[in-house]
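Here is a report on the pockets of one protein model. The structure comes first, then the notes.

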Amino acid sequence: MYRIDLNADMGEGFGAYRLGNDEELLNYVTSANIACGFHAGDPGTMRQTVRMALEKGVAIGAHPGLPDRVGFGRRKMEITPREAYEMVLYQIGALSSFVKAEGGAMQHVKPHGALYNMAAKNEELARAIAEAVYRVDPGLILFGLSGSKLTKAGESIGLRTAHEVFADRTYREDGSLTPRSLPGALIAAPEAAARQAIRMVKEGKVTSLQGREIDIKADTICVHGDNPHALAVARTIRESLTASQIVVLSIGANPAV
């Protein structure tokens, strides 16, 4: 039996600004990655998103990013491993307090944006992030790009990791994501995103933007909450997975990982 987790980045508004439709999106995903105040999010948004996720039975994870609201955490910054460790530790702590206050428990940690992509290739940053997660709670699951330095770092220190794949993004030949600045980086059509998701789960394959077949391990599928078509993509993927006899469960409830 095939099993998969379906996650989305959430709580990425702040102040008077709102981004995405988290309440509706929570009807289709099994894990929520909640912004912790650096790239997006604020105390009120964090609390409200935590409460909605708990009400809908969706597992909660911290989504720590770089301190760059203007660039939404998607601009590369020069940081040391020590800074990465401290940033991640700080943000996990912030979200953890809201989860605990609402009577819940955190399931996972998934770095955001540029921090995520940097850690996928930089072994020292990956190690620092993994250590921050482990020091907070060795029972937390670390999400990272499938086959990346980040998942390897987590596994090497004893963390459970989840190899993450993307339904609404295209891949390059080396297995990395196509940068958002390049044409063809995003998959907007829900049906195309669903087809890619099913193939990654059932066949362990994805076709790069250049046409090359890539082997890929899929434990969890990401749907971006800030995608204008996020709701349609999430709904179509969830329905298509179920129709293809793929069980959709939160990563913590998935014994196959």
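## Second largest pocket

The second largest pocket holds about 280 Å³ of space. A pocket is an open set of points on a 1 Å grid over the protein atoms alone, where a 1.4 Å probe fits, with protein on both sides within 12 Å along at least five of seven lines. Points are joined across faces, edges and corners, and a volume is the space filled by probe spheres set on them.

Its lining counts 19 residues (an atom within 4 Å of a point). Nearest its centre lie Ser-146, Gly-147, Asp-174, Gly-175 and Ser-176. H4, helix H6 (149–156) and strand E8 (213–215) each give two or more residues to this lining. E8 has the largest share, three residues. Helices (H or I, at least four residues) and strands (E, at least two) are DSSP runs, numbered from the N terminus.

By class, the lining splits into five nonpolar, five polar and nine charged residues. Ala, Val, Leu, Ile, Met, Phe, Trp, Tyr, Cys and Pro count as nonpolar; Asp, Glu, Lys and Arg as charged; the others, Gly among them, as polar.

## Basis

The model is predicted: local features need pLDDT of at least 70, side-chain atom pairs count only at pLDDT 80 or more, and totals for chains, interfaces and linings use all residues. Residues are numbered from 1 along each chain as its sequence is written, and side-chain values use heavy atoms, with hydrogens and water left out.

## Largest pocket

The largest pocket has a volume of about 670 Å³. It is lined by 32 residues; Gly-113, Ala-114, Tyr-116, Asn-117 and Met-118 are the closest to its centre.

Helix H4 (113–121) and helix H5 (123–136) each supply at least two lining residues. H4 provides the largest share, seven. The lining has 13 nonpolar, nine polar and ten charged residues.
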